[in-house]
Structures are given as C-alpha cells and as structure tokens.
Amino acid sequence: MLILLASSVNFAMAQSNTADRKKTIAVVIVDNSGSLTDQIRLSAKKEVNSMLAENQKYTVINPEHINIVVTNMVGINTNLIYDQSYQIELGKILGAQYLCIIDILKPNISLYSVICSLVDATTGGTIKDNKAYLDVSSNQRYIQIMYLSIQEAASFLAANPEKFKKKITNDIERQKKEINDVAGVLGVKNPHVKNGLEISYVSRSYDIEDVASGIREKSNPWGAAQIDGVQIGLRFDRYFIPKYFGLGVSMGVFGGYYFYDGQTADASVSFKEAVLTIPVQAIYRLDFNKTIGCYARFGVSADIGLYSQLEETAGGGTVTTKNLYSDTGWDYSNRFNYSLVYGLGIQISGVLLEVSQSRGMQNLSQNNEYNILQNKNIQVGMTFMF
C-alpha cells in the first residue's frame with residue numbers, strides 16, 4: 001500500500017518546500033461518520049487551510065495532493081491515521097512536520113463530533129487536540145454548517161485562537177438562524193398559539209325538510225329565521241411539528257346561551273337554552289411573521305344540552321315548559337347533537353378573529369314526516385391567546 005502511495009504523491013513531494021519543512025502542516029479530513037459529501041469535506045479543508053495560512057508558524061501543503069494520500073493510505077480503515085508509524089510515513093511523504101487531523105464521528109443519529117488533533121509527523125503522536133459538536137436532532141439541514149464546526153474544533157491552531165473562536169461561534173449562530181428561517185417558512189412563528197379565552201356571537205337556525213315533498217326551509221319553531229346566542233370558553237390548539245409545518249388539532253370547552261323572544265299568531269314566546277359545546281377540529285395555520293397569520297379549521301362538534309325553557313303567553317296566562325329535551329311533542333331540541341364545523345381566522349399578535357359555520361348531522365325530529373337539523377348559520381368569535 002505504501003509503494004502505491006509513494007507513486008501517487010511524488011508530485012506533492014516535489015512541490016514541497018523542504019527549506020520550510022519544520023513549518024509545514026497538512027490538513028487531513030477523516031470521515032468516520034460516513035455521511036459527509038465531497039463538497040462538505042473539500043469546503044472544510046479549504047477553510048481550515050485558509051485559517052492556518054494566516055498563522056505564520058505554518059506553511060500549508062496543497063490540499064489537492066493530500067486527497068490522494070488519504071485515499072490510498074487510509075483506505076477503508078480510517079483509524080489507521082492514528083497509528084504513529086502511518087503518521088510518520090505520511091509526514092515524510094508530504095514533507096510536513098505537522099499533521100492537522102480532522103476526525104468526524106457520529107456517536108448517534110442526531111449528533112456529530114469533530115476532533116481536531118495536531119500531530120507531530122516526525123515522531124508520531126498527538127501534541128494537542130480539541131473537540132466540537134454539531135446537534136442535528138431538530139434539523140438535518142444543519143449538516144450544511146459542518147465546515148464551521150470543523151473550524152471551531154481547529155480554532156486552537158489559528159493565529160489568534162480566542163478571536164477566531166468567537167468569530168466562528170457567531171457564524172454558527174447566524175447560519176443556524178438562516179437555516180431555521182428557510183426550514184421554517186411554513187412553520188408556526190407566533191408565540192401565542194396554544195391556549196386562549198374565546199367569546200363568540202352565534203346565529204342558530206334549523207333546516208326543516210318535508211320528507212314527502214323534499215322541500216327544505218330555514219326556520220325555527222316560531223317561524224323566525226334564527227335564534228341568537230353567545231358562547232364563551234377555553235380553546236386549546238396543539239401543532240404536530242410547529243417548527244416546520246402549521247398543522248395540528250384544535251379543541252375546546254364552551255358554554256353557550258341561546259335566546260329568542262317573539263310573537264306568533266296566537267301567543268308571545270320566550271325561549272332560553274344553555275348548551276355545553278366540545279369541538280375537535282384539524283387546524284392549519286400559516287404565519288407571515290411573528291405577529292400576523294391566518295388559519296383554517298375543520299372538524300366536528302358535540303353539543304350537550306344543559307337547560308332549556310319555553311314560556312308561551314296567551315289570553316292573559318303563561319305556560320312554562322322546562323326541560324324540553326324530554327318533551328315528546330317538541331322536535332327542535334335534543335340533549336345531544338353533533339355537527340360538522342369549519343371556519344377561517346386571522347391572528348394579530350395574541351388576538352384571533354374567526355368566522356365559522358356548522359351543519360347539523362343529527363336529525364332532531366321525532367316525527368317521521370320531517371327531518372330537522374340544527375345549524376349555526378354564522379359564528380363570529382374573538383379569542384385572546386395566552
């Protein structure tokens with residue numbers, strides 16, 4: 001193997017300045033991680049050579065020749081580079097007094113370890129070494145800044161180690177921020193996205209379908225088109241991978257109060273109802289920045305009737321009916337109802353504004369001649385996120 005090596009690098013030896021032999025240094029990249037591209041290795045070697053060139057202690061050997069040496073000498077068993085006899089032989093062939101060995105390892109799936117060793121190539125053995133780490137657990141694209149981690153490990157060989165290390169640390173933070181900004185274009189940027197207090201106005205009506213004719217109309221039991229209501233409660237939004245994509249689930253617990261006061265041909269009517277609403281929806285949001293974003297929700301909602309009362313006044317007398325859910329002659333309220341819910345919203349800082357609708361999925365009628373579905377024609381809500 002060494003004979004093959006010598007024939008491959010004779011040109012490198014001829015190019016070496018033997019007068020500067022005691023100052024020469026060669027940078028060797030050893031990829032024990034097995035996951036770096038040639039481009040990353042070459043970029044790293046170029047950067048380290050540039051750093052060493054500024055230190056007047058060293059004369060840097062041309063990195064193009066070293067690529068031949070590493071390929072032929074180390075081969076598959078990269079640990080041979082730490083054998084003192086190999087180090088001495090490599091120093092002789094290159095005309096280098098020192099070797100700067102950059103060893104890149106991957107202890108686990110999310111961590112890279114970089115070890116830079118300054119080796120005396122005349123006697124073999126490490127003079128000094130330093131380590132740096134690159135955590136890629138949150139973003140595999142961090143491998144793009146491996147060359148900076150390599151420079152960090154080799155910073156002790158710079159002309160001004162402290163100043164150089166500080167610069168590299170700043171560069172690493174800046175590059176991470178840029179990677180995060182690119183990777184997180186579709187991610188959740190607003191910090192106020194988890195929990196909130198929601199207050200809504202609700203307009204409720206019924207779809208009444210005549211089974212025989214198929215004719216459908218919007219109405220309520222007294223002929224008016226809608227019943228007004230308010231809803232207040234807690235909202236909980238959770239996102240699966242918020243750093244990269246604004247897809248998640250939105251849930252909540254809300255208390256609703258609905259009321260109607262009106263007149264029929266025969267009597268005046270007063271209706272009240274209290275309802276517990278529990279929605280479970282998929283949510284997708286797109287944040288333009290940390291302050292402004294928009295979102296859409298789609299899912300189902302369960303309504304549980306808590307209290308209902310109807311007062312009918314006619315001829316000077318008032319009839320009050322409570323607990324309409326158990327009244328077999330009343331087709332417009334069921335203690336349990338479920339609906340399809342969908343809506344759009346915007347967020348400005350910690351405030352959400354949303355418009356939504358729901359379509360009833362359960363037939364409330366106890367009469368086979370009619371199908372009655374309860375809908376929310378429009379729901380306009382404001383949520384204060386915290």
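This is a predicted model: local features need pLDDT of at least 70, side-chain atom pairs count only at pLDDT 80 or more; totals for chains, interfaces and linings use all residues.
Reader: What makes Val 355 partly exposed?
Author: Its relative accessible area is 46%. Buried means under 20%, exposed means over 50%, and partly exposed lies in between. Therefore Val 355 counts as partly exposed.

Reader: Where is Val 355, and which residues does Val 355 touch?
Author: Val 355 is in strand S14, residues 351-360. Leaving out residues up to four places away in sequence, Val 355 touches Gly 343, Leu 344, Ile 378, Gln 379 and Val 380. Take Gly 343: Val 355 and Gly 343 are 12 residues apart in sequence. In space they are 5.6 Å apart, C-alpha to C-alpha.

Reader: Why are the buried residues of helix H4 said to line one face?
Author: Start with the residues. In H4, residues 84-94, the buried ones are Gln 87, Leu 90, Gly 91, Ile 93 and Leu 94. Seen down the axis of H4, they fall within an arc of 165 degrees, so they line one face of the helix.

Reader: What follows H4?
Author: Gly 95 does, and its phi is positive, near 70 degrees.

Reader: How are two packed helices described?
Author: By the angle between their axes and the distance between the axes. Here is a case. The axes of H2 (residues 38-53) and H5 (residues 146-153) come within 9 Å. They cross at roughly 35 degrees. The crossing is right-handed.

Reader: Which residues of H2 and H5 meet?
Author: H2 brings Ile 40, Ala 44, Glu 47 and Val 48. H5 brings Met 146, Tyr 147, Ile 150 and Gln 151. By class, this contact has six nonpolar, one polar and one charged residues. Glu counts as charged, so Glu 47 is the charged one.

Reader: How many residues are in the largest nonpolar core, and which have the most contacts inside it?
Author: The core has 36 residues. Those with the most contacts inside it are Leu 52, Cys 100, Ile 102, Met 146 and Leu 157. Elements giving two or more residues include strand S1 (24-31), strand S3 (98-108) and helix H6 (161-183). H2 gives the most, with five residues. Another core, of 16 residues, lies apart, with Tyr 206, Phe 271, Trp 330 and Ile 372 among them.

Reader: Which residues is Cys 100 in contact with?
Author: Set aside its neighbours within four places in sequence. Cys 100 is then in contact with Ile 25, Ala 26, Val 27, Val 28, Val 48, Leu 52, Cys 116, Ser 117 and Leu 157.

Definitions and conventions
Residues are numbered from 1 along each chain as its sequence is written. Side-chain values use heavy atoms; hydrogens and water are left out. Axes are lines fitted to C-alpha atoms, for helices over the stretch in contact, and angles run from 0 to 180 degrees between N-to-C directions. Helices (H or I, at least four residues) and strands (E, at least two) are DSSP runs, numbered from the N terminus. A crossing is left-handed if the near helix is turned anticlockwise from the far one by less than a right angle, and right-handed if clockwise. Contact means heavy atoms within 4.5 Å. A nonpolar core is a set of buried Ala, Val, Leu, Ile, Met, Phe, Trp, Tyr and Cys residues joined through side-chain atoms within 4.5 Å. Buried means under 20% relative accessible area, exposed over 50%, partly exposed in between (1.4 Å probe, protein chains only). The arc is that of the directions from the helix axis to the C-beta atoms.
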